[in-house]
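Trainee: I would like to learn how to read helix packing and strand pairing. Please take me through some cases.

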Amino acid sequence: MSLSPRLEFRQTQSLVMTPQLMQAIKLLQLSNLDLVAYVEAELERNPLLERQVEPEGERPGEAEGEGREGGERVTDADLDPRAGHGFEAEGAGGEREERVSDWLEERLDASRSAIEDRLDTTLENVYPDDSGREPAGLAPSGEAPAYSEWAGVGTGGRDDDGYNLEAFVSAETTLADHLEGQLALAVSDPVERLIGQNLIDLIDEAGYLSADLAGVAERLGAPPETVEKVLGVVQSFDPPGIGARSLAECLAIQLKERNRYDPCMAALLGHLELLARREFTTLKRVCGVDDEDLAEMVGEIRRLNPKPGLAFGSGIIQPIVPDVFVRGTPDNWLVELNADTLPRVLVNQAYYSRVQKTTRNEREKAFLSDCMQTATWLTRSLDQRARTILKVATEIVRQQDAFLTLGVQHLRPLNLRMVADAIGMHESTVSRVTSNKYMATPRGIFEMKYFFSSSISASDGGEAHSAESVRFRIKQMIDAESPDDVLSDDTLVQRLREAGIDIARRTVAKYREAMRIPSSVQRRREKQAALSAG
């Protein structure tokens with residue numbers, strides 16, 4: 001067989017990811033906050049895009065003067081502030097201006113005698129707490145006024161651009177700022193203040209000092225005893241528990257602040273792992289207390305703050321804004337998009353036509369053409385995104401109408417393929433639509449992915465149950481158990497099978513741990529301790 005070069009034509013089909021398609025896919029999976037940020041960046045970059053602003057306070061028909069009976073138009077006389085007060089609005093232009101001028105001179109007489117007659121006092125009369133000094137400005141000698149004089153100008157302190165009182169009022173106090181202010185009052189020695197400043201810089205946002213004191217002393221060239229002494233001062237600052245090196249030390253500082261730290265409490269803090277496992281019998285033996293005292297000590301620890309630093313410098317919590325609203329009755333659910341989360345942009349065709357005539361070279365033409373193409377595709381992608389979200393949300397509501405009507409127990413098993421087949425889309429598209437999107441229903445606000453749950457077969461061969469509804473049943477049974485009848489995982493499996501749910505014991509244990517519910521042994525110990533304390 002001989003090898004020789006030859007030309008061969010072959011026809012194939014392939015999916016080409018064009019920039020426009022990539023943009024549409026990107027917009028589809030963005031949340032409403034990320035989408036707004038993306039559109040704002042495009043508005044700054046693209047001169048052909050403009051924000052669609054709806055007129056405020058304008059009712060239909062008023063723009064054309066249809067707000068009155070008989071189609072009467074609103075004239076300047078209707079807007080005259082003197083209307084209804086004995087003033088006439090008609091006349092020639094000169095006469096009108098003369099009347100207005102007379103009216104202004106009559107009402108705005110600013111002579112000294114007129115003001116004194118109107119106020120029934122003299123202008124030299126001042127309030128008792130008024131110093132009567134001249135307004136802040138240059139002194140007679142030409143020198144700059146003192147700060148106390150500038151502080152009396154206006155409501156913001158100074159009237160220049162170099163000082164802004166609102167910036168100080170609205171500034172957020174961070175944990176470091178709060179501790180530094182206390183350090184300046186508590187420590188006077190410059191060396192110890194430098195060590196304290198370094199320790200404050202090493203405290204994390206939770207309020208813990210994770211650095212090694214020996215390493216800090218070596219780096220600063222200070223004796224370890226001095227660093228330990230300064231740390232003790234920092235640990236006395238507000239909030240209590242700040243600067244601790246472990247959870248036990250943090251709780252001990254707070255207990256000392258409340259005068260509740262004794263040898264029994266110290267023994268309890270030394271065995272926090274036993275408290276986490278609810279081994280109360282062992283703790284009573286270690287601490288040397290009875291059931292009532294142990295329950296009181298555990299309650300005291302639970303009232304402490306394990307992360308005192310989180311009270312300062314916390315970030316702004318962004319509230320969840322739903323993308324879809326679901327309203328109506330069980331027989332007729334209404335699904336609509338949240339208009340506040342949909343950016344409205346338009347392509348300025350008039351500006352494009354005007355600028356296109358003034359292009360001077362190919363580079364300007366290419367830039368203008370690229371801006372026009374990007375703007376057109378952005379508006380189309382935003383419209384397609386809104387339609388796709390509405391279509392997917394409508395199908396989810398149709399599939400989970402029993403949940404909206406009856407509750408979590410009736411949440412049906414649902415996956416991406418079922419929704420994709422129903423609306424004629426690909427599973428990846430449905431996955432992107434449901435990412436970072438929220439739906440406001442009569443039962444609360446839920447992420448769209450919440451409605452997708454795996455199925456658990458029924459023991460009697462009936463309709464399958466969703467995993468979310470099974471988790472809800474497990475939580476309900478555990479919440480309703482009594483201290484004398486704590487349900488084990490095997491008992492939970494038996495009761496679920498009696499309810500028609502075929503589930504394994506390891507699955508029940510997995511669901512329980514995912515909901516942060518302790519085991520039956522730990523729950524029994526905790527309930528018995530609470531019962532003894534009561």
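Mentor: Two packed helices are described by the angle between their axes and by the distance between those axes. Here the axes of helix 17 and helix 19 (residues 416-423) come within 10 Å and cross at roughly 115°. Axes are lines fitted to C-alpha atoms, for helices over the stretch in contact, with angles from 0 to 180 degrees between N-to-C directions. Helices (H or I, at least four residues) and strands (E, at least two) are DSSP runs numbered from the N terminus. The model is predicted: local features need pLDDT of at least 70, side-chain atom pairs count only at pLDDT 80 or more, and totals for chains, interfaces and linings use all residues. Residues are numbered from 1 along each chain as its sequence is written, and side-chain values use heavy atoms, leaving out hydrogens and water.

Trainee: Which residues of helix 17 and helix 19 make the contact?

Mentor: Lys391, Val392, Glu395 and Gln399 of helix 17 meet Met418, Val419, Ala422 and Ile423 of helix 19; contact means heavy atoms within 4.5 Å.

Trainee: At what angle do helix 17 and helix 20 cross?

Mentor: The axes of helix 17 (residues 362-399) and helix 20 (residues 427-434) cross at roughly 95° and come within 10 Å. Helix 17 is therefore roughly perpendicular to helix 20 (65 to 115 degrees; under 35 is roughly parallel, over 145 roughly antiparallel, the rest oblique).

Trainee: How many bridges join strand 5 to strand 6?

Mentor: Four bridges join strand 5 (residues 438-441) to strand 6 (residues 444-447), and the strands run antiparallel. They form a hairpin with two residues between them. Threonine 441 has glycine 444 in strand 6 as its bridge partner. Strands pair if DSSP finds at least two bridges between them.
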